[in-house]
Structures are given as structure tokens and as C-alpha cells.
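The sequence and the structure come first.

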Amino acid sequence: MEGSVALAGFGRRPVLMLVVAAVILSLTVAAYAVPPRQSEAVRSVAAHPSPSTSPLGCARREPPHRFGIRVDNECVGYSDGPELLFGTGTALPEAQRRVFRYNEEVERLPLDRYQRVRLIVLTGLSGSDDGHPAERETLEGLAVAQAEALGERDRPTRPLLQVVMANAGSGGRHVDALLPELARLAQDDPTVLGVLVAMDSRTATRRAMLALRDNGLLVLTAGAVADRLRDGMTRYLQFDPPTRERAKLVRAYAGAIGRPRIVTVYEPSRSEDLAVEELRRALDAEFESYAEVPWDGSADVNALCGAGIALYGGGATGFGGFLRALHRTCGRRSPILLGVGDSVRYLLGDPRRTGRVDAPADYPFVFSGNGIGAGACRPRTDPHRLFLAVAARVLGKCRDPEDPTPLGILTVPTYDLVRVVLSAAAELNGAALTANAVHARVLESGRRRAFEGAAGPVRFGADGVVTTGGQSLMCARDVRAAYTPGNVPWEVARTGPGGVPRVRGGRCAG
């Protein structure tokens with residue numbers, strides 16, 4: 001009865017009811033609108049986030065630079081600020097906050113004095129940090145490039161960089177829901193220059209790249225991608241060499257150590273990965289003695305015993321079980337193990353992962369990556385030294401050149417690729433920074449002289465694919481102790497200009 005009396009009272013006083021409702025609404029809005037710099041409490045929350053997708057949730061439309069929807073319990077959308085983050089854990093959200101802090105710094109500078117460009121990072125995130133080291137390393141490379149551009153802002157034509165994080169869901173499966181929103185963003189914001197695609201080589205990725213092309217954007221890829229993804233692309237820059245060059249590098253190394261036979265281990269469940277499929281075909285064409293073994297966690301590995309090289313092309317989760325089966329079955333007749341793909345490298349670089357502890361003592365491992373040699377903390381060239389100095393300040397890594405911890409397989413390639421784009425934009429001398437103009441200037445400048453990157457010289461062919469090589473084979477003498485003091489992997493082979501493989505000596509095994 002008491003409740004009904006109160007309700008009746010509000011019915012007799014509609015003005016009072018509206019006032020109370022307005023007060024409640026204003027307090028609610030204020031609670032969600034506090035900017036992150038206004039109080040120590042808010043700064044503390046930002047520094048120690050809970051493992052949620054975003055401090056304020058996913059569903060939002062805040063044009064022009066923030067959009068999110070829930071699709072199959074995944075947050076799909078894009079953001080240029082800390083109000084909307086993607087992924088969970090600690091390292092991945094912090095990597096986003098880092099680039100967003102640089103976004104804010106650029107935003108505070110006067111528009112009439114500084115040119116600025118925006119790059120969208122298109123990812124396929126789902127889950128926590130451990131599942132997405134590639135995306136974290138991509139963002140770290142972008143942050144170093146942002147900081148360096150800000151440090152050079154007194155150079156009148158050097159543009160500043162802002163980053164928009166876009167998530168298409170696990171494996172990019174919801175990219176179709178995201179693409180119309182990215183098209184609207186590019187239309188509404190003329191500073192959006194292009195998209196850095198950081199997704200696996202799947203059919204959904206190719207569909208997205210073609211749509212981005214049709215929207216007039218520059219499309220960039222820093223990691224390994226399938227060759228067919230670039231078919232039909234126009235404004236396109238690919239930092240990784242073609243698949244055939246990777247296969248030729250493996251073949252050259254195998255010949256140099258007297259192991260002409262190779263067996264590829266693959267996971268049938270990863271059949272959607274076009275890059276793995278293309279590499280299998282390319283290796284089959286390069287090696288006279290070639291075989292394949294499917295690995296689903298319990299397959300027979302007898303065919304690997306006595307083989308010259310076993311190339312592991314599976315995922316990170318199956319690596320430990322594969323090593324146990326290989327050692328148990330083959331013993332002293334175990335082949336040289338060669339790994340391709342980012343997932344294997346992450347097992348080496350992250351001791352918290354359990355896969356590598358299943359290897360026998362002193363078991364050598366050769367693994368590939370583009371520009372991965374520059375991920376070490378010891379300076380190799382002047383551009384690499386400059387990169388490491390900025391990375392130490394921005395990321396807190398490589399403060400000691402003897403630190404064995406690697407920066408990551410994609411940090412340096414991302415940095416170099418973005419720096420090539422920003423340098424080409426600077427050469428336009430204040431002209432309109434369109435995707436067509438910047439892409440043409442990248443190719444034209446490369447014809448005159450290669451860009452000196454942290455990982456080495458960078459030049460692109462007419463199809464937008466790098467022509468200066470850079471793919472490396474690295475040797476970890478003991479896979480269990482890799483990236484610990486005294487056990488930093490070294491380069492045993494590298495792709496040079498024109499795709500010519502160069503074996504550098506220093507046999508890892510055999």
C-alpha cells in the first residue's frame with residue numbers, strides 16, 4: 001500500500017516527477033562521462049583495468065571514431081580512444097591505451113600547423129593477451145612510429161600519426177558487419193589514409209581487403225600473408241616477401257646442411273589458413289623429396305624419423321604434444337625441426353607457454369620470420385639503433401643491449417612499414433595526403449633509393465610487394481632455453497634483394 005501511495009503521489013505531481021527523473025539521468029550521464037584525466041581514481045582504474053572488453057561496455061555509436069556492437073558475444077567495432085577497448089587481459093588493452101595516448105597528444109596540437117593521418121588497424125580479436133601476441137606487437141610497432149613522428153614534428157611536412165583500432169571478431173568472422181562502418185568512417189574523416197590488415201590469410205580477409213580497396217584506402221600488411229590476397233589490389237604495400245621466396249630460403253638452407261628431404265607437418269583443422277596451404281604447395285615444388293604428415297594431436301609420426309627436416313606448420317597449442325610424440329617415437333633419429341608461422345615463434349619468445357618444455361634437452365630449432373633479426377636488443381645499424389632508443393622510451397624494452405628478451409616478430413616490420421608511408425607523405429610537401437598520392441610516392445621513391453629501415457633496406461615492386469627480401473631463418477640451439485641469457489637465437493639464412501637466398505653459415509644442427 002505504501003508503494004502505491006508514493007506512485008499515486010507522483011501521478012498527482014508530474015512536474016516533480018520530471019525534475020527527479022532529470023536529476024537521476026544527469027547523475028547517471030555524469031558518472032559515465034568523467035574523462036580519464038579528471039581524478040586519481042579514474043587514472044587508477046585506467047592503469048589497472050578489469051578483464052572486460054571496455055570500461056563502458058561495447059554497444060555504442062559515437063561518430064566519427066568510435067563504434068561497437070555485440071555479435072555472438074564478441075565486441076565488433078572500432079575505436080580511437082580508451083573508452084572502448086578490445087580483447088581482455090593486461091598487455092593487449094595496455095597496448096591499445098598506449099597508441100590512444102599518442103592519439104590524444106596529436107589531437108591537442110593545432111590543426112593549422114601540423115598535418116595528420118589516421119591508420120586503421122584491422123584485427124580479428126577474441127579472448128585474452130595470450131591468444132593475440134601478433135596484434136599486441138603490431139600496436140607496439142605503431143606506438144614507436146607515433147612517438148618518433150611526434151619527436152620530429154618541427155619538420156614542417158612530417159605528418160603525425162593517429163591510430164584507429166578495429167576488431168572483426170575471432171578470425172575476422174564478423175568482418176562483414178564491420179566493413180560498412182569503416183567505409184562510413186573513411187568517408188566522414190578525410191585524414192583516414194589506409195588500413196593495416198593484421199588478420200590471418202582467410203577468405204574473409206581477402207573479402208575485406210577488396211572492400212577496403214573499393215573505398216579508396218591504402219591497404220598495408222606487415223606479417224606473412226598468402227600471395228592470392230593481393231590479387232586485384234591497387235593501393236597495396238606488403239612487407240613480407242612472396243611465399244615462393246620463403247620456400248626457396250628453406251630449400252637453400254636444407255641444401256647447405258646436406259638435408260635434401262623435408263616432411264611438412266600440418267593441422268587439417270587449419271585448412272582455412274591460405275598462407276599455410278600456399279607454403280605447402282611451394283615447398284612441394286622446391287623439394288624433390290617432399291612428404292606431408294597431418295597432425296591432430298595423436299597422429300603417427302614414424303614418417304618423420306630419419307627425415308632430413310620436419311617443418312612444423314601447425315598451431316601453438318599442438319606444439320607440445322607434437323614434440324613429445326616426435327621424441328618418443330624417433331629418439332636419436334629425430335629430424336631437424338623447422339618452424340614457420342607466428343605461433344611457433346611465440347612459443348620460443350614466451351617462457352610461460354608450456355610447448356617448448358616438452359622438447360628434449362639441447363634440441364635445436366630453426367624458425368622463420370620477416371625482419372625478426374632486428375627484434376633483438378643489440379643494435380645492428382644506425383636506423384636500428386634509433387628504433388631501439390625510441391622503443392626503450394615508449395615500450396620500456398631493450399633498455400640494455402644485452403637483454404635477451406625479443407621485441408617481437410611484428411614490432412619492427414610494422415614500424416618500418418609505417419615509417420615508409422609517413423616518409424612518402426612528408427615528400428609530398430604539404431600536398432593533399434590521399435591514398436593514391438602516398439602509394440605512388442612510396443613506389444617512386446623506392447625506385448630511386450631504398451628506404452633505410454630498422455630491419456634493413458625496404459623497397460616495393462610495382463605490385464606493392466617488398467623486393468628487398470628480409471625473410472630470415474633463425475637458429476635456437478636449445479629450444480627449451482631460447483631467449484634466455486647466453487641462448488639468443490642467431491640468423492643462419494636470409495632472403496636478399498630479388499628473393500635470392502643467402503645461407504650465412506653457422507649450422508644450427510646436422
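## Terms and basis

Buried means a relative accessible area under 20%, exposed means over 50%, and partly exposed is in between (1.4 Å probe, protein chains only). By that rule Phe67 is buried, and so is Tyr78.

This is a predicted model, in which local features need pLDDT of at least 70 and side-chain atom pairs count only at pLDDT 80 or more, while totals for chains, interfaces and linings use all residues. Residues are numbered from 1 along each chain as its sequence is written, and side-chain values use heavy atoms, with hydrogens and water left out.

## The chain as a whole

The protein chain has 14 helices and 18 strands. Both are DSSP runs numbered from the N terminus: helices are H or I with at least four residues, strands are E with at least two. Of the 510 residues, 55% count as buried.

The chain exposes about 21,800 Å², and carbon and sulfur atoms supply 53% of that area. Accessible areas come from the Shrake-Rupley method with a 1.4 Å probe; for residues, only the protein chains shown count as cover. Contact means heavy atoms within 4.5 Å. Among contacts between residues at least 6 apart in sequence, 70% join residues at least 24 apart.

## Helix H14

Helix H14 (residues 435–448) has 14 residues and reaches 20 Å from its first C-alpha to its last, close to the 20 Å expected at 1.5 Å a residue. The expected span is 1.5 Å times one less than the number of residues. Buried in H14 are Ala435, Val438, His439, Val442, Leu443, Ser445 and Gly446. They cover an arc of only 165° around the axis, which puts them on the same side of H14. The arc is that of the directions from the helix axis to the C-beta atoms.

What covers the buried residues of H14 includes strands S6 (192–198), S7 and S8, and helix H13 (411–427). The face turned away from the buried side carries the exposed residues Asn436, Arg447 and Arg448.

## Asp227

Asp227 is placed in the loop between strand S7 (218–221) and strand S8 (236–238). With a relative accessible area of 16%, Asp227 is buried. Leaving aside neighbours within four places in sequence, Asp227 is in contact with Pro242, Thr243, Arg244 and Glu278.

## Salt bridges

Side chains of opposite charge can pair when their charged atoms come close. A salt bridge here is a side-chain nitrogen of Lys or Arg within 4 Å of a carboxyl oxygen of Asp or Glu. The count by this rule is 38 salt bridges. One of them joins the side chains of Glu152 and Arg419 (3.2 Å, N to O). This pair links distant parts of the chain, with Glu152 in the loop between helix H5 (133–151) and strand S5 (160–167) and Arg419 in helix H13, 267 residues apart. Both Glu152 and Arg419 are buried.

Asp176 forms a salt bridge with Arg207, the closest N and O atoms being 3.1 Å apart. Asp176 lies in helix H6 (residues 175–188) and Arg207 in helix H7 (residues 203–214), so the pair ties together parts that are 31 residues apart in sequence. Asp176 is partly exposed at 44% relative accessible area, and Arg207 is partly exposed at 38%. Within H6, Arg184 forms a salt bridge with Glu181, with closest N and O atoms 2.7 Å apart; being 3 residues apart, the two are separated by about one helical turn. Arg184 is partly exposed at 39%, whereas Glu181 is buried at 9%. A network of salt bridges links Arg60, Glu62, Arg66, Asp80, Glu83, Glu107, Arg116, Arg118 and Asp189.

## Aromatic pairs

Rings of Phe, Tyr and Trp (its six-membered ring) pair if their centres lie within 6.5 Å; planes under 30 degrees apart count as stacked, over 60 as edge-to-face and the rest as tilted. By this rule there are 7 aromatic pairs. The rings of Phe67 and Tyr78 have centres 6.0 Å apart and planes at 40°, so the pair is tilted. Phe67 lies in strand S2 (residues 66–71) and Tyr78 in strand S3 (residues 74–79), so the pair ties together parts 11 residues apart in sequence.

For Phe319 and Phe365 the ring centres are 5.7 Å apart and the planes are at 50°, so this pair is also tilted. The pair links distant parts of the chain: Phe319 is in helix H10 (residues 319–330) and Phe365 in strand S13 (residues 365–370), 46 residues apart. Phe319 is buried at 1% relative accessible area, and Phe365 is buried at 0%. Trp295, Tyr312, Phe319, Phe322, Phe365 and Phe367 form one aromatic cluster.
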